[in-house]
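Please open the model in a viewer and follow the selections below in order.

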Amino acid sequence: MRSVRSRLGVLCLVALFMSLAGLLPVRSATPATLSQMTEDGRQLYLRGCSSCHGLDGTGTPSGPSLERSGAASAYYYLSTGRMPLADEAQPRRKPPAYSRAQIDLLVDYVASLGSGPAIPEVHLETGDLAEGGVLYRSNCGPCHTAAGIGGALSYGRAAPSVTPADPVEAAAAIRTGPGQMPVFGPEALSDHEVASIVRYIRFLESPPTPGGAALGGAGPIPEGFVAWIFGVGTLVLAVLWIGKLEGGHGRH
Amino acid sequence: MNQPRPATRSRRLARWVDDRLGTAYLATKALRKVFPDHWSFMLGELSLYSFVILVVTGVYLTFFFDPSQAESTYRGSYEAMRGVEMTAAYRSALELSFDVRAGLVMRQIHHWAALLFVATMAVHMARVFFTGAFRRPREINWMVGVTLLILAVFNGFAGYSLLDDQLSGTGLRIGYSIALSVPLVGTWLVSLLFGGEFPGPDIIERLYVIHILLVPAVIAALIGVHMAILLRQKHTQFAGPGRAEGNVVGERVWPTYAAKGLGLFFLTTAVLAALGGLAQINPIWIYGPFDPAEVSAASQPDWYMGWLDGAMRLIPPWEVRAFGYEVPNPFFPGAVLPGVTFALLYLWPFLEARFTGDRSEHHLLDRPRDRPVRTAMGVATIAFYGVLFLAGGGDVLSTTFGVSVNAVFQAFRVLLFVLPAASAWVAYRLCRDLAQRDPAPADDGSVAMTALAGVAEDGRDQDDRAGHDGPEAQGQAVGKHH
């Protein structure tokens, strides 16, 4: 359903672009030095992205400039399906609208628009799980919750769930700070620390639940509902049953 | 039957104790008490049994928990926390959860029992309220009950604050701020309790003594008082055939209610064991050790503190200056609201007597429909605190249902006043309609004159209400309706 909708969104954008293309003089943003790959990416970009981000990636009133986004940002937004934007208040994770090869082309093109971070390399085996937990809880938990299920921000925005987490997507998000998320550059978190955090995020995908059913990981709210609905509910039924039992002694 | 039975060993022991303490008389008296039949009269027992489970599991936990804020490093079997610096309290709570045999299931049963201890108290209290069982002569026992509720809520908070995980530390931080917001005495209060600036070096050790010794001892003593007063005054009953202000119709404690109570205790234990074994509660290893500089999104207290959290979230940012002192905002939702709430609960029997002008003794219960104003006020109260409770989880509701958190809180601010009013109106109309369709059964006063004790007309056991109070009281109880 979502992928159908996002495909429709792409089609709409294509139609919009084609109508605009007839009206506007296309600025020449194609230096002869562009490789064939980047040129293919540019064609995809013009069809799918330019109506909001501008024909040369400098942005329009309906979309920000991509000059400083870099490969990392483009990779994150396209791989998690957050771009192209469907009819939604804030970009949401959905199945990607483009194939892997198309995403690579688009990422390459966006990277050529200016100076931005490259796609981070993550060496999970270098990360330390416990250190990642400490870093996660102090840097990520305040918005994404300690369990990683996502939390509310103001005015309808929300920090999304951090899972399921592809290591490169998660690292790209940390390095580029999509949406309202802060940017954690190399001065804030070393590559090793990012790897540790990503390890912990992947651990949060299916953390051990030695205590039984995890109840959604949202803490005391679901626990309270379980206590009232299952606990009090069952006990009141027990009282109803026992209370109605005849003693046998009183009847003669 | 009249032949002397052989003196068995247990019989000889019972006689030996009786010769010295005279226990047989008291035991017989208590076991022969008649307890009226209605399922709702057993709700309070659920709290009693939860308390028993709390004590048993709590004692087990004290063998392993180390209430110390000393620096320490985790080296246990939970990989994601190995080598992390933390307090000894949090470390021992982790070890209790992962490395102590039956530690986690005991911890979870203890926590679920705490949630149900307060919840079943609330249900029991609602039953007492809606049936008017708090009226003269039971005002004192009502106040004992309110005190038990406050102590249970406080001890629950003290209990989950001991573990020194991020969630409990966040709760303590709020508690600290509320105590600090109290005019004049706030600063002294927190430095006494916490031993200095937050988080303070002493708070966990102090809360530990409060949680495992002081408050449980007072709760146990007050439960004793609560039940002694119940025995002394005898239980209320609903009106019906053979039931009057002057008698108690039901079945004797021995054997009927002893068996029922034991069965209910087993069932309570079973429900708590099922919850503790199957449903994870308070996964402190996810929350991490407490750091005053951090706070996780979606931090909520346990349900019985949720209404206070909700009030903190809903109150507009008011601050008042009075006599040259700043009265900080948390004072209103954190101190005034619970103060007013519990003061009104304490005073309710007297307030109601004042408004209705009814100061006479009542042993027959009201049906909620026959007291529409009281019922409507009770429903409005539940709605008010229910909205506050939901507001305490406003951010979780916002993300769960994809609604703006600002819209959620604006809606709750309106609902906080609209919902109690609307539900009170609905409850009032329902009561009136139900009562019209089904008028209250009259007090069957004639029975009290004839059958004072022994067996009622329908063959059920019956006690005379005032028998133990001497002839004067007896005459009063029997003659009241004539």
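Select residues 405-437 of chain B, helix α16: at 1.5 Å a residue its 33 residues should span 48 Å, and the end C-alpha atoms lie 45 Å apart, which agrees. The expected span is 1.5 Å times one less than the number of residues. Helices (H or I, at least four residues) and strands (E, at least two) are DSSP runs, numbered from the N terminus.

This is a predicted model, in which local features need pLDDT of at least 70 and side-chain atom pairs count only at pLDDT 80 or more, while totals for chains, interfaces and linings use all residues. Residues are numbered from 1 along each chain as its sequence is written, and chains are lettered from A and ligands numbered from 1 in the order in which they are written.

Next, centre on B:L415, where α16(B) has a kink of about 40°; the bend is the angle between axes fitted to the seven residues ending there and the seven starting there.

Now colour the buried residues of α16(B), among them B:F412, B:L416 and B:P420. Buried denotes 20 or more other C-beta atoms, placed from the backbone, within 10 Å of a residue's own. Their cover includes α12 (303-314), α14 (372-392) and α15 (394-401) of chain B, and β1 (151-152) of chain A.

Finally, display chain B whole: it has 18 helices and 10 strands, and its C-alpha trace spans about 75 × 60 × 45 Å along its principal axes.

Key. A residue is buried if 20 or more other C-beta atoms lie within 10 Å of its own, exposed if 12 or fewer, and partly exposed in between; C-beta atoms are placed from the backbone. Two residues are in contact if their C-beta atoms, placed from the backbone, lie within 7 Å.
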